Structures are given as structure tokens and as C-alpha cells.
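Please look over the two-chain structure below.

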Amino acid sequence: MTWVLIALLVVPLVGALVVAFLRKDDRKAKLVALAFSLVELVLAVLLWTAYDPNGDRIQLAAGVDWIPAFGVRLQFGIDGIALVMIAVIALLIPLVIGAGWTEKLPAGRSQGGYLSLILIQEAVTVAVFAATDVFLFYVLFEVMLIPMYFLIGGYGGARRQYAAVKFFLYSFLGGLIMLASAIGAYAMASDELGKGTFDWATLVTVVRDADTTTQTWLFLGFFLAFAIKAPLVPFHTWLPDAAAEAPIGVTVIVVGILDKVGTFGMLRYLLPMFPEASKNLAPFVLVLAVAGVLYGSLLATGQRDMKRFLAYVSIAHFGFIALGIFSFTSQAGVGSVSYMLNHSISTGMLILVIGMVIARGGSSLISDYGGMSKVAPLLSGMLLLAGLTTLSLPGTNSFVSEFLVLIGSYPTQPVFTIIATVGMVLAALYVLWLYQRIMTGPLRGDALIGAAAGPGAVGDPEKKTAIGDLSKREIAVLAPLVVIVLALGFYPQPVLDVITPTVGATLTEVGVTDPVTVQEGK
Amino acid sequence: MNLLVAQAQQIEAPEIDYGAIAPLLIVLGAACISVLLEALLPKHQRWAVQLVLTLVTLVGAVGSLILYATSERPEQGVATLAGAIAVDSPALFLWATLLVLGFGSVLLIADRSVEPGGAFVAQAAIRPGTVQDRAQATKTGMQTEVFPLTLFALGGMMTFVASNDLLTMFIALEVLSLPLYLLCGLARRRRLLSQEAAVKYFLLGAFASAFFLYGVALLYGYAGSVKLSAIATAAGGTDRSDTLLFAGFGLLVVGLLFKAAVGPFHSWTPDVYQGAPTPITAFMAACTKVAAFGGILRVLTVAFENTQWEWRGVLYGVAVVSMVIGAILGLTQTDVKRMIAYSSVAHAGFLLIGSIALVPDGTGVSATMFYLLAYGFTTIAAFGVVSLVRNSDGEATHLSQWAGLAKRSPIVAATFTFLLLALAGIPLTSGFIGKFVVFSAAIEAGLMPLVVIALVASAVAAFFYLRVIVLMYFSDPAPDGPTVTVPGAFTTIAITLGAVVTLVLGLWPTFVLDWAGTGSFLS
């Protein structure tokens, strides 16, 4: 079944090429792109069935030599964490394409170009998660920036140039520092083994025994790249700009998918390769994580722009994920990985719904809206559901993961956990307040009743307006997400089964044992 | 009289390995023929004949080089012409690099479709601004001495990277420099700027040569010989004056760093790059860089490797200064040629890192040579693209004029974007592999802090490359913006060659890496 993984890498690229030739015909471009993304989704389902949760550490491995002089290989393979991330990418891309079906692009831009870049982004991102050669991972980590740079810069809002360059430079700098660390690990391997290699599994065995000082430096190199990507406070400032300026579908990709490379990297590279340094520096990372939870939550509460709001919500969530990873218990680890998945789904849904709100009002300022549920009750319900899963209401998917992170972290890191719990309360505040301002009360706001009505004016919901409820297309986009949110909220076992062995293996590589046995009960 | 004859008989004619130095002889010989042609041929025939001669020469030189390199030859290289020239594996690699890059540059030099008559003035001796000058502005002739001058410069560069003693090196330095000074002053447009560039380059270059020569003199005083290996031997026994050694080394290196445009010896670079005709800028940026770093590598490895702990700190500092100057001053540039000039200063810093990463069995030398090859091709293609974007005053080099270029000429903009990404060192381009091998070599040599500084400098420098991409893609075109000339065959080939090599070396660098790593300098 190795071909499935290779096909997952190739299909979007072929799709991108085909779509790039359809720049004249927007409709055809959209249909073809959607078709390719659905094929990718089917392949991802096949991948899921081909993966054996209790099998090898890295499965479906395939590769060829690339630069033999440095022992670099084009080597791919997946573990449970990578599988889950690849699946969620394949799920979100068709939804992004569907949600953006009627979106107007800036003048002079074609759907063909836009969708082509989206498909390239999909291919490269899948490859990042599937790479098991550290050099290849670095290469893809940087290449991943280029389509996104053009997506933000070419199709974004008013300050798109600034946002695109800022996004690129932050990630590029982080990546370069990581490269220095990767070369350091390579040099260590060539000293020890006589021949250098970038193979992940081999590097893990070599580097994990290095002395603490070396490990610490190499750890910091990788950590900086991942902390920028994830992003952790204080390396987060690129995200609100990128999220606010990108078109809504691209925001889904940035916040829902690309950021996960950071936390994925922590699990795949930081913990197994630098176990000593990870344990020594955990308090430092946890401070950043908890600071992120509080800072992100507070700033989300204070945002006036909905897209910036989304960015800060994510920063808070990444704080939770990092907390779970660096607590070193299997429960918290499983919680973090499932959080990575559920954050993609919940926040992805929230972004898509907010995108639908913005598409109706033409403004992303919260103050331009009010009482929208009177004219769009279904949309209002969707925003509420997306909001509730974002704030981890029991019965929704996010609850499972947030709960696992918190109870898993408590035994080893009680203080940080208690502080982070405040974030849950703040989440209820920022989500419900957003909902209240946009949806409830009398119909008002410049975006809904027009600026001509003057400040404080109230509209009549009975009167005909241009603001309609969800269309069939929008319902089709949101329906799968609603199903998944509720299904994973009540029955998360299939996902947990896939990720638990991988998290267990990761923690074994770090060399920690759980303070309490938690795996028996599940 | 008899005494003289007797003495003359005692001097033995040196052994000459003609096979080894054939490429050198071909280039320099053709340069001499080319000068004769310039004197004998009628004006209207010169351009075609000179061009054919130059291209055939370069192809022939590459051919003889391949012939020699694949034949049975001593693995460690040979010293020929009484030990003045060392033809070893690095020399062969650098020669091939110079010849191929020279070929690309000559194609740019020969192009006459982008600008009627080419980038060069019809009669350089006419003073700018006079009546005659205005009259010749409409003529389509060009000063065809450009071709022999280029060949001489190339021959000088090839000698420079293969010279086994400092005096030969100095002669080669002059042979490569003097034609370049002249070539800089030959631009068809903006002639005052061009001549200013030539004078600046000449005056500063003369100073640098003097430094170099003074260094050679001191080293001769120290070692009693100008041979590189003799200096290494002398430095091995420590009973001589270290002052002479290090003063000599310092002065010598200043001369070399000047040619390589390493900061803080870079101040000529932006002005000269901007003023010189663009094909010559490409030639200087690619080939002079190769020659200068080839010389630096040889001098450091052969003559000074065993004293490296004394001088490493100094060059460490120089590399940092060069990277910082290049990256930070590059941010403030508004002219695309000056921007690439500062970028070349930053790249010189990266190259210097590879040059000082000398450890036994290390890859510093081969990494630096790979970087030179990769950088040379990217730069030639980049300047090729710069020469295409024009308005009625000639090249539109001000960055604001590049706004929205992607809308009008998507292919040119895409090519330039790719080349800029290569200069920034983004993976899947040769620029990245170059940086990677150089930084790997440096980390193996224990230069981790320097590598971290270099990485930060790369990230800073990426900003100004990105700024151009932003301008081309995300800005609206200016209403009176420049047009992109449809390039003729020569420029198209040069740009394509550069871009394709940049891509291929980014994807499959193994062949060139292996070749660069086959042997070490003859000592």
C-alpha cells in the first residue's frame, strides 16, 4: 500500500498543473480542482485503512537516494500523528475550495492561478508531514512558504504585501536556524558513524546520547523554528497579520494546517532527538505555552476584527497543545495530538462560518454587524456550534482533547495546568461575546443595514435585505464538519486508537514513564 | 661575450606540460589573434568574426580541458612552467567554471537585439556630452575591442587561480584587472556614470594591487621565496620573524579581498556594478568572484594552512562584517544593480566562511567552489534579466519602475523571481545547496557561531529579494513604466542557461559536488 502515500504527494501536484492551464475558464478550474482534492480525500481514507496502529514506528515507508554525498534521501513514511494530520489536510482542502466557490478574487487574478497554488500547498504540506529525512523535512518546511507567500500576497486584503513578507521572513529565519541545528546533528552522525546521514531514525539514535550542552543548542535551533511556526508567544506576531490579510480559505490553511507543522515538529523532532534538553527546557517552554493561553485568550476577547480574533484564538489553543506535549504524560500527549486534529476541524469550521458572515457583510469588523440571526438563522446556528466546539463544550470534539491535555498535565505540572484552565473560562467569554455581538439583539451595523442609516440605527428584519441565509453550497460545505464535530465529540476512540501508540513510542524515546497508569481505562 | 653565452647555456628551459595548460594557452592565444583581427579587419566585419572567434575559443578551451581532465594525469596535479602554474583538480574545476561562466557572459556581451548596437559605446574615446558624442549615440556600431579584452581578462583569471607562486599571481591579477577597468567605462548609455565607475575601479584597484605587491615583498623577505609551498615550509619552522609573515599575509589578503568584493573592502562594488555596462557587470560578478576566491582558497590552503589559528580570527571578523554590510545596506537600495551588488558582498561573506573552514579532510574548498559555480550562473542570468527591462533612457534599474512587472511580462518576472529565490538560498535552487555545503563545512570546522550569524544575515538579505518579488507581483504597474524587450537569441540562451543550471544544481547537485570534491590543491 506504499503507493497510496506516493499518490497523496503526486495527485495534488498533477492537479495543480492541470488547473494552472485552466486560467481562462474559472468554472472549469474550480471543478477540476475540486475533483482532484476529492481524489486526495479518498486516498487519505485509504491511507487510514492501510495504517496499522500497533505496527512499526514509521509505516508505508518509501524512498530513493537524492544527494548521496550527504546521505540525503527522498524518504517518506507516516506514523499515527502524521496520518491524522494528512487526513485533516485532505478533509479541509475540498471544503476550502467549496467555501470559496463564489468568492471574488482581486482584479486581474484568476481562479486557475489561485486553486493551483492551493493544490501545490496541499502537496507540499502533506509531504512535510510524511518526510522522514531531516534534510528533506527542512527543504519542504521552507518550500511550503513559497505558495503561501503568493497566496497571501497575491490574493489577500489591503495590507497583503506587508503580511506576506512578514510571514515569509519569520518562518524563513526560523527554518534557517533549524538548518544549522540539523547540520550540527548531521556532523555528529558523521563523526559517530563514519558516514553522515539525515535519516530521522538514525539521527535519533545518534543525537539522543549527545551531551546536554550540545543537545540544548541543537534543541534551541529546532525549537525556534517550531515556536515561530506553531506559533508560541512571543514568536506569534506574524500570525494575526497573515490571518487577517489572507483570503478566508487561505486563512483556514494557515491557521488550520500550516501551524500544525510546528507542534508536529516538536513531537517528531524535538522530543525523540533531544530528550535531555526537552526535559531540562520544559519549564521554559511551558511558561511560553501558558503565557500563550492567557495572552491569546485576552487578546481574542479584545479584537475588533474577526479574522484577527481567529488568529488569537489559535494562539491560545497552541498554548494548550504545547502544554500537553511538554508535560510528558501519555494522556496529555494523546490530548495534544487529538487537539491538533480537533483544532483544525473546529477552528477550520469557525473560520469558514466567519468567512460566510464576512461574505455577506463585506466587512470583517465585528462592530459592522448585529442581530444577524434575524435574517440568517441557520448561519447563526452554525456560528454558535463552531463557537461552542472552539470553546470545548462537552459533546463536541475539542472537549475530549482539551480535557485530556488538562488531566494529563496535572500530575506532572499542576501549577501550569491550573493557570491554563483559566483559558477555558476566557474561551467561553470570547466566543459567546463574539456570537452575542454579531448575531443577537436588533438588526444593526453598517454591514447589514448600510452605513447610510447612521450610527445606532436599527434595521427592520421583515424588510427585504441582500443578506440571505446559508445557500445549499454552504450547507454542503458545513455539513461534513458538523457531523465530524459531533461524532468525535461522542466517540473519539477511532482517532485515539491511531495516535496513542505513536505518542507512547515518542514518550518512550524521551525516556519518561507515566506517573499514573492511564492507558488501561480507555 | 663568451661568458654570456656560457651563462645562457646553464639556464635550462623549463619543462612545459602543454596538455595541462592547453586551455590557458588557447584563451590567451586567441586573445592575441583577436587583437590582430581588430587591427586588420574592416569595421563592419569585426563584430561577427570576433564573436565567432571568442565563442570557438571558449568551446575549444573547455574541450581541451575535458580532454586533459579525463586523460591519465597525476592525481595530485602537476606544477609546470618551472613550478609557476599548478594544474590540479581544484584548478581544473575553477577553469571549467570560469570558461562556462565566461561563455554565458560573452553571450550577454554579444547581444545587439536588446539595444540596437549592443550595450557598448561605438567609440569610447569621444568625450561624453560633446557634439560628436551626440552624433554617435544614434550609430549602431560598437567598440569590438570588448572581445579581446574579455578574453585577456578571462586568461588572467585562469592564470590567477592556478598560479603556484605569488609573483605569477600578481601578474595574473594585473592581466585580469586592466581589461576590466577598461570594460567598465564602455557603456553606451549614461556614459559619465560608466566612466566614473571605471576610474573608481581603477584607482581603488591600483591601491589594492599595491597592497598585494607589498605583501608579496614582505613574504619574500620572510620565506626567501615567492612560492606558496616555500612559504608554508618556512612558516613550519618558527625561528623567523612572525611580524614579516603576518604583515605580509595581511597586505596580501587585503589585495585578494578587494578583488573578491568582500566587505569592508567592498566600497567600489555598488558604484562599479551600477555604472558598468550590464553584461560586464555580469562578467565581473560571476567570473571575477570565481577568480578571486579561487586565489584566496589556494593561498590560504597551500601557503597558510598551518598558521590558520593565527589568522582565522581576523578573517572570521571580515566575514561577519561582509555579511552584515551586504545584508543591511542591501535593504536600503533602490537600484536593482546596486541591490545585487550588495547582495554579492553578502555572498562574498558566505564564501569566505567556506574559505576559512580548513580542516584536514574537510569539505571547505569543494563547498566554496560549488558555491562559486552556483552563484555565478544565477548572477549571470539575473543580470541578463536586468538588461531586458528598459525604458527610453536605457535600462530601467530603479526598483519603483519594476512595479507590476508580472502583469506585463509574466515569464520574465517568474524567471527573475526564481533567480532571486536562488540568491536568497531557498531550497530546490542551487543557492540553497551552495549555502548548505558551505555551512556544513564550516560547522565541521567548528565555526558554529559564524554559521548562525550567516543564517541571520541570509534571513535579513531575503527581505530585499522578497521586496522585488512583492513589487513585481503584488503592486500595480506604474503608468509610464518600462517595457520588457523581447530578448534576442544570445541573451535568451544566457538567461536560460543560468536559470536551468540554477534549477538542476538545486535538484541534483551530486555530479558537481563529486567533481568539486575530487582532489585537493597541489602543495
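## Chain A overall

Among contacts in chain A between residues at least 6 apart in sequence, 80% link residues at least 24 apart. Two residues are in contact if their C-beta atoms, placed from the backbone, lie within 7 Å. This is a predicted model: local features need pLDDT of at least 70, side-chain atom pairs count only at pLDDT 80 or more, and totals for chains, interfaces and linings use all residues. Residues are numbered from 1 along each chain as its sequence is written, while chains are lettered from A and ligands numbered from 1 in the order in which they are written.

Chain A has 21 helices and two strands. Helices (H or I, at least four residues) and strands (E, at least two) are DSSP runs, numbered from the N terminus. The radius of gyration of chain A is 22 Å, close to the 24 Å that the globule rule gives for 522 residues, so chain A is as compact as a globular protein of that length. That radius is taken over C-alpha atoms, and the rule is 2.2 Å times the number of residues to the power 0.38. Along the principal axes, the C-alpha atoms of chain A fill a box of roughly 80 × 55 × 40 Å. Of the 522 residues in chain A, 63% are buried. Buried means that 20 or more other C-beta atoms lie within 10 Å of the residue's own; exposed means 12 or fewer, and partly exposed is in between, with C-beta atoms placed from the backbone.

## Chain B overall

Chain B comes to 21 helices and five strands. For 523 residues, a compact globule would have a radius of gyration near 24 Å; chain B has 23 Å, which agrees. The box filled by its C-alpha atoms is roughly 75 × 60 × 40 Å along the principal axes. Buried residues make up 58% of the 523 in chain B. Of the contacts in chain B with a separation of 6 or more, 80% come from residues 24 or more positions apart.

B:L505 gives a local view. This residue is in helix α20 (residues 489-507) of chain B. Leaving out residues up to four places away in sequence, B:L505 touches B:A374, B:S430, B:I433 and B:V512. B:L505 and B:I433 are 72 residues apart in sequence, yet their C-alpha atoms are 7.6 Å apart in space.

## Strands in chain A

β1(A) and β2(A) run antiparallel and are joined by six bridges. Two strands pair if DSSP finds at least two bridges between them. The two form a hairpin with four residues between them. In the turn, A:G71 has a positive phi of about 65°. Across the pair, A:V64 stands opposite A:L74 in β2(A). Strand β2 (residues 72-78) of chain A is mostly covered, with six of its seven residues buried. In a regular strand the side chains alternate between the two faces of the sheet.

## Strands in chain B

Three strands of chain B form an open sheet in the order β4-β3-β5, with antiparallel pairing. Its edge strands are β4 (394-395) and β5 (483-484), each pairing on one side only. Strand β3 (residues 389-391) of chain B pairs with β4(B) over two bridges, in the antiparallel sense. There, B:R390 stands opposite B:E395 in β4(B).

## Backbone details

Where are the cis peptide bonds placed? One joins A:A230 to A:P231, with omega near -20°. A:P231 is in the loop between α9 (212-229) and α10 (238-245) of chain A. In chain B, a cis peptide bond joins B:G263 and B:P264, with omega about 0°. B:P264 is in the loop between α10 (242-259) and α11 (268-275) of chain B.

A:L60 has phi near 55° and is found in strand β1 (residues 59-67) of chain A. A:L60 counts as buried, with 24 C-beta neighbours inside 10 Å. A:F328 is not a glycine either, and its phi is about 60°. A:F328 is in the loop between α14 (306-325) and α15 (330-361) of chain A. With 25 C-beta neighbours inside 10 Å, A:F328 counts as buried.

## Where the chains meet

The contact takes 25 residues from chain A and 24 residues from chain B. On the side of chain A that touches chain B, α5 (134-143), α6 (145-155) and α7 (160-193) each supply at least two residues. The largest share of that side, 15 residues, comes from α7(A).

By type, the chain A side divides into 18 nonpolar, five polar and two charged residues. Ala, Val, Leu, Ile, Met, Phe, Trp, Tyr, Cys and Pro count as nonpolar, Asp, Glu, Lys and Arg as charged, and the others, Gly among them, as polar.
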